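Here is a short report on how two chains meet. Keep the sequence and the 3D view at hand while reading.

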Amino acid sequence: MKVGVVSGNVVSTINFPFFDGKKLMICDVLDGAGNRGSEYTIAVDQVGAGVGETVLILDEGNSARQIFGLTTGPVRAVIVGIVDQFDLNFPPNPADNG
Amino acid sequence: MQLGRVQGTVVATIKSEGLEGVRFLIVQPLGKNQQPVGSPLVAADAVHMAGPGELVYFVASREAAEAMPERFVPVDHAIVGIVDDVQVTS
(Lines give C-alpha, C1' and ligand atoms only; values in the text may rest on other atoms or scores of the structure.)
Protein backbone atom coordinates (compact mmCIF):
# COMPACT_ATOMS: atom_id res chain seq x y z
CA MET A 1 0.00 0.00 0.00
CA LYS A 2 1.00 3.61 -0.44
CA VAL A 3 0.39 6.83 1.38
CA GLY A 4 -0.87 9.69 -0.76
CA VAL A 5 -2.61 13.03 -0.69
CA VAL A 6 -5.84 13.58 -2.58
CA SER A 7 -5.33 16.46 -4.99
CA GLY A 8 -8.37 16.30 -7.23
CA ASN A 9 -11.05 14.23 -8.88
CA VAL A 10 -11.99 12.87 -12.29
CA VAL A 11 -15.51 12.98 -13.69
CA SER A 12 -16.49 10.53 -16.39
CA THR A 13 -19.79 9.37 -17.86
CA ILE A 14 -18.56 7.05 -20.59
CA ASN A 15 -16.63 4.40 -18.77
CA PHE A 16 -16.21 0.71 -18.23
CA PRO A 17 -19.36 -0.49 -16.39
CA PHE A 18 -17.39 -1.28 -13.23
CA PHE A 19 -16.79 2.43 -12.70
CA ASP A 20 -20.48 3.41 -12.78
CA GLY A 21 -21.19 5.33 -9.59
CA LYS A 22 -17.60 5.09 -8.38
CA LYS A 23 -15.77 8.18 -7.16
CA LEU A 24 -12.39 8.62 -8.80
CA MET A 25 -9.77 10.70 -7.03
CA ILE A 26 -6.38 11.91 -8.24
CA CYS A 27 -3.85 11.15 -5.51
CA ASP A 28 -0.26 12.34 -5.25
CA VAL A 29 1.82 9.45 -3.98
CA LEU A 30 4.17 10.42 -1.15
CA ASP A 31 7.83 9.42 -1.40
CA GLY A 32 10.00 7.91 1.33
CA ALA A 33 10.52 11.31 2.92
CA GLY A 34 6.80 12.07 3.02
CA ASN A 35 6.93 14.60 0.18
CA ARG A 36 4.75 14.84 -2.91
CA GLY A 37 6.69 13.81 -6.00
CA SER A 38 5.61 13.66 -9.63
CA GLU A 39 4.01 10.23 -9.15
CA TYR A 40 0.23 10.18 -8.99
CA THR A 41 -2.51 7.65 -9.42
CA ILE A 42 -6.24 7.76 -10.09
CA ALA A 43 -7.86 5.67 -7.36
CA VAL A 44 -11.41 4.55 -6.64
CA ASP A 45 -12.54 6.12 -3.37
CA GLN A 46 -14.03 3.60 -0.95
CA VAL A 47 -13.99 5.69 2.24
CA GLY A 48 -15.29 9.15 1.31
CA ALA A 49 -11.96 10.97 1.12
CA GLY A 50 -11.83 14.65 0.23
CA VAL A 51 -9.29 16.87 -1.52
CA GLY A 52 -6.30 17.65 0.72
CA GLU A 53 -6.66 14.56 2.87
CA THR A 54 -3.84 12.10 3.40
CA VAL A 55 -4.98 8.63 2.43
CA LEU A 56 -3.94 5.01 2.33
CA ILE A 57 -3.95 3.69 -1.23
CA LEU A 58 -4.17 0.02 -2.04
CA ASP A 59 -2.45 -0.65 -5.37
CA GLU A 60 -2.96 -4.32 -6.11
CA GLY A 61 -5.62 -5.84 -8.31
CA ASN A 62 -6.76 -8.97 -6.48
CA SER A 63 -7.15 -7.17 -3.16
CA ALA A 64 -8.97 -4.34 -4.91
CA ARG A 65 -11.47 -6.71 -6.53
CA GLN A 66 -11.96 -8.43 -3.18
CA ILE A 67 -13.02 -5.09 -1.66
CA PHE A 68 -15.77 -4.79 -4.25
CA GLY A 69 -16.74 -8.46 -3.94
CA LEU A 70 -15.75 -9.23 -7.52
CA THR A 71 -13.70 -11.89 -9.20
CA THR A 72 -13.18 -9.77 -12.28
CA GLY A 73 -12.90 -6.06 -12.89
CA PRO A 74 -10.27 -3.63 -14.19
CA VAL A 75 -9.53 -2.03 -10.82
CA ARG A 76 -6.20 -1.76 -9.05
CA ALA A 77 -5.86 1.47 -7.04
CA VAL A 78 -8.38 1.96 -4.23
CA ILE A 79 -8.40 4.47 -1.37
CA VAL A 80 -8.92 2.24 1.65
CA GLY A 81 -8.24 4.60 4.56
CA ILE A 82 -7.86 8.19 5.68
CA VAL A 83 -4.57 8.71 7.47
CA ASP A 84 -4.75 10.55 10.80
CA GLN A 85 -0.99 10.79 11.16
CA PHE A 86 2.18 9.06 10.16
CA ASP A 87 5.64 9.36 11.63
CA LEU A 88 8.87 9.01 9.70
CA ASN A 89 11.13 10.07 12.56
CA PHE A 90 11.98 6.72 14.04
CA PRO A 91 15.17 6.69 16.13
CA PRO A 92 18.05 5.30 14.04
CA ASN A 93 18.65 1.60 14.38
CA PRO A 94 22.05 1.05 16.10
CA ALA A 95 22.60 -1.96 13.83
CA ASP A 96 22.67 0.37 10.81
CA ASN A 97 25.82 2.13 12.05
CA GLY A 98 28.05 -0.86 11.49
CA MET B 1 -4.84 4.49 -13.29
CA GLN B 2 -3.43 7.43 -15.20
CA LEU B 3 -4.69 10.15 -17.46
CA GLY B 4 -3.88 9.97 -21.16
CA ARG B 5 -4.55 11.71 -24.45
CA VAL B 6 -5.53 9.58 -27.44
CA GLN B 7 -3.23 10.43 -30.31
CA GLY B 8 -4.10 7.88 -32.95
CA THR B 9 -5.21 4.42 -33.86
CA VAL B 10 -3.43 1.16 -34.57
CA VAL B 11 -4.78 -1.41 -37.00
CA ALA B 12 -3.43 -4.95 -36.95
CA THR B 13 -4.89 -7.81 -38.95
CA ILE B 14 -2.69 -10.57 -37.62
CA LYS B 15 -2.75 -10.61 -33.86
CA SER B 16 -2.77 -12.92 -30.90
CA GLU B 17 -5.77 -15.12 -30.22
CA GLY B 18 -8.45 -13.37 -28.17
CA LEU B 19 -7.70 -9.92 -29.57
CA GLU B 20 -10.13 -10.15 -32.48
CA GLY B 21 -12.36 -7.09 -32.55
CA VAL B 22 -10.33 -5.19 -29.97
CA ARG B 23 -9.55 -1.58 -30.91
CA PHE B 24 -6.08 -0.30 -30.20
CA LEU B 25 -5.28 3.36 -29.73
CA ILE B 26 -2.04 5.28 -29.30
CA VAL B 27 -2.15 7.08 -25.96
CA GLN B 28 0.20 9.70 -24.58
CA PRO B 29 0.35 9.31 -20.77
CA LEU B 30 -0.25 12.59 -18.95
CA GLY B 31 0.64 14.01 -15.56
CA LYS B 32 -2.11 15.21 -13.26
CA ASN B 33 -1.97 18.68 -14.83
CA GLN B 34 -2.33 17.07 -18.26
CA GLN B 35 1.29 17.59 -19.25
CA PRO B 36 2.80 14.76 -21.36
CA VAL B 37 4.86 12.29 -19.33
CA GLY B 38 6.99 9.60 -20.97
CA SER B 39 6.45 7.97 -24.33
CA PRO B 40 3.19 7.15 -26.08
CA LEU B 41 1.90 3.61 -25.70
CA VAL B 42 -0.68 1.38 -27.33
CA ALA B 43 -3.79 0.72 -25.25
CA ALA B 44 -6.85 -1.40 -25.91
CA ASP B 45 -10.10 0.59 -25.96
CA ALA B 46 -12.39 -1.05 -23.39
CA VAL B 47 -15.08 1.64 -23.67
CA HIS B 48 -15.36 1.25 -27.46
CA MET B 49 -15.95 4.98 -27.82
CA ALA B 50 -12.59 6.70 -27.33
CA GLY B 51 -11.19 8.55 -30.31
CA PRO B 52 -8.19 10.69 -31.24
CA GLY B 53 -7.84 13.89 -29.20
CA GLU B 54 -9.87 12.65 -26.27
CA LEU B 55 -8.78 12.77 -22.64
CA VAL B 56 -9.10 9.31 -21.13
CA TYR B 57 -7.98 7.31 -18.15
CA PHE B 58 -6.39 3.94 -18.56
CA VAL B 59 -5.46 1.03 -16.36
CA ALA B 60 -2.12 -0.76 -16.69
CA SER B 61 -0.71 -4.21 -15.98
CA ARG B 62 -2.79 -7.35 -15.32
CA GLU B 63 -5.92 -5.29 -14.68
CA ALA B 64 -5.93 -4.09 -18.29
CA ALA B 65 -6.86 -7.58 -19.49
CA GLU B 66 -9.69 -7.62 -16.93
CA ALA B 67 -11.37 -4.94 -19.02
CA MET B 68 -11.44 -7.17 -22.10
CA PRO B 69 -14.31 -9.51 -23.01
CA GLU B 70 -11.83 -12.37 -22.85
CA ARG B 71 -9.92 -12.16 -19.54
CA PHE B 72 -6.74 -13.97 -20.49
CA VAL B 73 -5.46 -11.89 -23.37
CA PRO B 74 -2.09 -10.23 -23.90
CA VAL B 75 -3.15 -6.65 -23.14
CA ASP B 76 -1.14 -4.44 -20.78
CA HIS B 77 -2.92 -1.10 -21.05
CA ALA B 78 -6.66 -0.54 -21.44
CA ILE B 79 -8.70 2.65 -21.69
CA VAL B 80 -11.51 2.29 -19.15
CA GLY B 81 -13.06 5.77 -19.19
CA ILE B 82 -13.44 8.98 -21.15
CA VAL B 83 -12.83 12.03 -18.97
CA ASP B 84 -15.49 14.75 -18.87
CA ASP B 85 -13.77 16.91 -16.28
CA VAL B 86 -10.67 16.90 -14.11
CA GLN B 87 -10.34 19.14 -11.08
CA VAL B 88 -6.90 19.41 -9.54
CA THR B 89 -5.93 21.71 -6.73
CA SER B 90 -2.24 22.45 -6.06
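## Strand pairing within chain B

Strands E4(B) and E5(B) pair in the antiparallel sense, over five bridges. Strands are DSSP runs of at least two residues, helices (H or I) are runs of at least four, and both are numbered from the N terminus. Two strands pair if DSSP finds at least two bridges between them. Ala60(B) stands opposite His77(B) in E5(B).

E4(B) also runs antiparallel to strand E1 of chain B (residues 2-10), and four bridges join them. Gln2(B) has Phe58(B) of E4(B) as its bridge partner.

## About the model

This is a predicted model: local features need pLDDT of at least 70, side-chain atom pairs count only at pLDDT 80 or more, and totals for chains, interfaces and linings use all residues. Residues are numbered from 1 along each chain as its sequence is written, while chains are lettered from A and ligands numbered from 1 in the order in which they are written.

## Where the chains meet

In chain B, 28 residues are in contact with 24 residues of chain A. Contact means that C-beta atoms, placed from the backbone, lie within 7 Å. Three elements of chain B each supply at least two residues to the side that touches chain A: strand E4 (55-60), helix H1 (62-66) and strand E5 (77-88). E5(B) gives the most, with 10 residues.

That side of chain B divides into 14 nonpolar, seven polar and seven charged residues. Nonpolar covers Ala, Val, Leu, Ile, Met, Phe, Trp, Tyr, Cys and Pro; charged covers Asp, Glu, Lys and Arg; the others, Gly among them, are polar.

## Pairing across the chains

E5(B) pairs with strand E1 of chain A (residues 2-15). The sense is antiparallel, over seven bridges. Asn15(A) has Gly81(B) in E5(B) as its bridge partner.

Methods: Contact = placed C-beta atoms within 7 Å.
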